[in-house]
2 protein chains.
Amino acid sequence: MASIKDVAAEAGVSVATVSRVLNGHPSVSAAARARVLGAVEALGYRPNAVARSLRTDQTRTLGLVISDVLNPYFTELARSVEEEARALGYSVIIGNADERPDLQDHHVTTLLDRRIDGLLVSPTDGGSPRMLEAARAGTPMVFVDRWIPGVDVPVVRSDGRAAVRDLVAHLHGLGHRRLAIIAGPAATTTGRERVDAFREALGAHGLPLPDAYIGQGDFQADSGRRVTEGFLDLPEPPEVVFAADNLMALGALDAVRARGLRVPRDIALAAFDDIRWFVHTDPPVTAIAQPTGELGRAAVRALVDRIEGRGGASVTLPARLVVRRSCGEPPASSPQSPSPSPVRRSTT
Amino acid sequence: MASIKDVAAEAGVSVATVSRVLNGHPSVSAAARARVLGAVEALGYRPNAVARSLRTDQTRTLGLVISDVLNPYFTELARSVEEEARALGYSVIIGNADERPDLQDHHVTTLLDRRIDGLLVSPTDGGSPRMLEAARAGTPMVFVDRWIPGVDVPVVRSDGRAAVRDLVAHLHGLGHRRLAIIAGPAATTTGRERVDAFREALGAHGLPLPDAYIGQGDFQADSGRRVTEGFLDLPEPPEVVFAADNLMALGALDAVRARGLRVPRDIALAAFDDIRWFVHTDPPVTAIAQPTGELGRAAVRALVDRIEGRGGASVTLPARLVVRRSCGEPPASSPQSPSPSPVRRSTT
DNA sequence: CCTCCTCGTGGAATCGATTACACGAGGAGG
DNA sequence: CCTCCTCGTGTAATCGATTCCACGAGGAGG
């Protein structure tokens with residue numbers, strides 16, 4: 001592979017001049033510039049990003065460590081992150097933690113070893129020592145979706161509290177009183193927050209959230225299945241199951257179907273995170289939709305602001321409820337509750 | 001960030017000795033080794049991968065350029081690729097082409113600039129000049145899923161011919177005679193092959209594949225919707241629509257639902273690529289499943305074999321038909337056709 | 001005509017590692 | 001006791017870029 005020396009030789013100038021041409025420095029004569037450009041073309045020269053990074057101490061690369069690539073929510077997040085980063089002149093290296101702290105740690109380490117300019121993380125757990133250390137050492141960093149309390153790092157996330165309230169109001173309006181939740185891991189903020197929001201919303205309607213109605217999941221489909229089976233085995237099973245992410249909702253659907261039961265006739269289902277497939281499931285699933293793309297873009301902007309020394313602050317965006325049919329048919333357009341909240345009826 | 005020099009100073013040895021300890025060279029005294037390790041620990045030193053790569057001319061990184069991250073098939077592929085690569089001591093940088101040749105080119109260029117050790121590509125089109133040039137220049141490279149004819153690069157893919165034959169036999173057995181296909185872009189091998197296999201299988205049953213029944217899609221949901229609408233507008237609409245990937249099947253479902261029609265009563269649907277959600281769609285979708293995980297792992301092994309000078313050959317794995325309910329209820333276990341083919345009835 | 005600036009250019013240091021080569025100490029063998 | 005080898009270690013070159021500094025040519029101004 002041709003190096004800058006080859007180009008210099010071919011053009012009959014020094015490497016310094018070649019570098020200047022390549023980096024658009026002003027003080028290069030038109031003649032020299034033309035000869036260098038010609039040589040670059042002739043040799044098919046491309047600058048070695050590795051060498052450049054070593055010298056300039058910047059890689060123009062962002063690291064993104066997400067909890068689970070197979071989760072469509074994170075896939076979409078990753079996509080919008082890459083898009084915005086590209087627009088800003090950065091590349092992105094994605095690390096998939098698969099909800100495993102050890103894997104998360106592995107990726108954080110590898111990314112740091114590669115001297116990425118900044119790190120975007122959706123932590124799987126309370127935070128690996130290496131990550132906390134990096135944050136303390138001043139590595140530009142931003143949390144997205146999930147975060148770690150007590151660490152001085154901006155957080156870009158969506159607040160589902162209002163949407164959960166809307167959901168519970170919707171469920172209550174349909175006559176449901178026994179509501180259960182499949183929670184995410186307590187080690188994650190989203191795992192805890194969604195339960196808290198749910199409990200609070202239930203409280204507002206005078207409904208309890210008994211321990212038996214809080215199933216411990218891990219954001220993976222299998223746990224959704226397992227927890228739902230447990231709910232169905234209860235002497236008094238819940239009327240509604242609210243899954244704290246889309247994969248656990250998938251598992252819940254599996255479990256219900258395996259028993260030969262039907263949604264929403266036998267049990268209703270709602271999910272956090274809206275995905276395209278929810279329109280076509282049997283039945284279409286009522287879900288809380290996050291502004292995923294916006295989240296990813298905002299996170300990148302915050303991180304790049306940090307990197308380039310322009311601050312970079314936390315951002316919180318609202319989520320919204322999308323009503324479909326998995327919780328029961330809405331009472332046929334009764335005018336009794338005009339619902340001033342941002343509940344949106346899906347067109348499906 | 002501490003460098004090797006700091007470690008050397010702290011340990012009271014030269015950088016050469018530090019390097020030797022870090023790389024497990026034999027000729028280092030136990031005492032020196034202990035002091036170096038102590039210094040590494042004390043300083044929290046981590047070797048700079050950028051500097052190392054520059055010197056050794058290897059990054060231990062693989063590039064993976066896929067056509068569309070939002071497609072669950074590719075997501076799963078990416079995941080298995082990363083997994084196998086990690087097991088072999090490599091990292092993976094993913095580039096998402098979004099089915100756009102220009103973006104594919106951008107990613108290939110960036111990856112090459114970063115001097116990745118090898119490239120795994122699922123080409124979006126006939127191949128960018130830069131990619132072909134890289135292949136010719138000897139960059140270790142392997143095509144996965146899709147490939148470019150006439151280029152001397154191993155291909156790891158799955159052969160759907162037999163499964164398509166099984167599918168057509170299944171459809172024919174259900175009494176369907178007017179079968180249509182939503183094709184992928186003609187610029188991709190999978191786009192062409194699936195149509196060819198379909199036409200061939202139809203021919204074996206004496207059925208035609210009229211041009212009006214070949215809809216031109218681009219592997220994205222929108223095109224599936226558009227093409228399906230066209231089919232439904234035909235004076236004699238097809239009885240079955242076979243989508244050449246899962247996203248176009250999603251679009252087809254959208255279109256059917258938008259007309260207030262039902263699958264399979266009004267029109268049957270089948271798809272290439274099986275995904276978890278197909279179990280829970282309304283109705284569950286009959287699909288052709290590729291051994292995606294195996295494909296990803298085999299591709300990485302082939303690529304690493306190339307990189308490390310051990311050859312690395314093409315691999316073709318069979319796909320198989322998974323029958324669900326989207327093409328009509330199978331005739332209730334009639335013993336007339338024991339079906340010696342590897343048709344699997346899904347447990348759903 | 002001399003002095004001083006500006007402009008274009010090249011030489012060389014540098015980033016953080018790896019590694020060929022040289023060298024000194026110490027043990028083995030004659 | 002001398003020679004030779006082995007072992008552990010250090011010095012310095014190197015990878016491919018960027019960039020500081022110096023230098024020479026040429027123009028402007030006095």
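**Ground rules**

I count residues from 1 along each chain as its sequence is written, and chains are lettered from A and ligands numbered from 1 in the order in which they are written. Because the model is predicted, local features need pLDDT of at least 70 and side-chain atom pairs count only at pLDDT 80 or more, while totals for chains, interfaces and linings use all residues; side-chain values use heavy atoms, with hydrogens and water left out.

**Entry 1: where the chains meet**

I started with the contact between the two chains. I found 52 residues of chain A in contact with 52 residues of chain B (contact means heavy atoms within 4.5 Å). Interface size is often given as the accessible area lost when the parts come together. Here chain A and chain B bury about 4,700 Å² between them, with 58% of it on carbon and sulfur atoms (buried area is the accessible area, with a 1.4 Å probe, that two parts lose on being put together, summed over both). Which residues of chain A lose the most area to chain B? They are Arg115(A), Trp277(A) and His280(A), and together they account for 18% of what that side buries.

Next I looked up the pairs between the chains. I noted 4 salt bridges between chain A and chain B (a side-chain nitrogen of Lys or Arg within 4 Å of a carboxyl oxygen of Asp or Glu). In one salt bridge, Asp113(A) meets Arg46(B), and the closest N and O atoms are 2.6 Å apart.

Helices (H or I, at least four residues) and strands (E, at least two) are DSSP runs, numbered from the N terminus. The largest share, 7 residues, comes from α5(A).

**Entry 2: the sheets**

In chain A I traced an open sheet of 6 strands in the order β2-β1-β3-β4-β5-β11, with parallel pairing (two strands pair if DSSP finds at least two bridges between them). Its edge strands are β2 and β11 (315–318) of chain A, and each pairs on one side only. Inside this sheet, β1 (residues 61–66) and β3 (residues 118–121) of chain A pair over 4 bridges in the parallel sense. Val65(A) stands opposite Val121(A) in β3(A).

In chain B, 6 strands form an open sheet in the order β2-β1-β3-β4-β5-β11, with parallel pairing. Why is one side of β2 and of β11 in chain B left without a neighbour in the sheet? These strands stand at the edges with a single partner strand each, so one side of each has no neighbour there. I also followed β1 (residues 61–66) of chain B, which pairs with β2(B) in the parallel sense over 6 bridges. Leu64(B) stands opposite Ile94(B) in β2(B).

Most residues other than glycine have a negative phi, and most peptide bonds are trans. Arg115(A) lies in the loop between α6 and β3 of chain A.

The peptide bond from Val263(A) to Pro264(A) is cis, with omega near 0°. Pro264(A) is found in the loop between α11 and β9 (268–272) of chain A. A cis bond also runs from Asp282(A) to Pro283(A), with omega near -5°. Pro283(A) lies in the loop between β9 and β10 (286–289) of chain A.

**Entry 3: a salt bridge within a helix**

Over all chains the count comes to 46 salt bridges. One pairs Arg225(A) with Asp222(A), the closest N and O atoms being 2.4 Å apart. Arg225(A) and Asp222(A) are separated by about one helical turn, because they are 3 residues apart in helix α10 (residues 221–233) of chain A.
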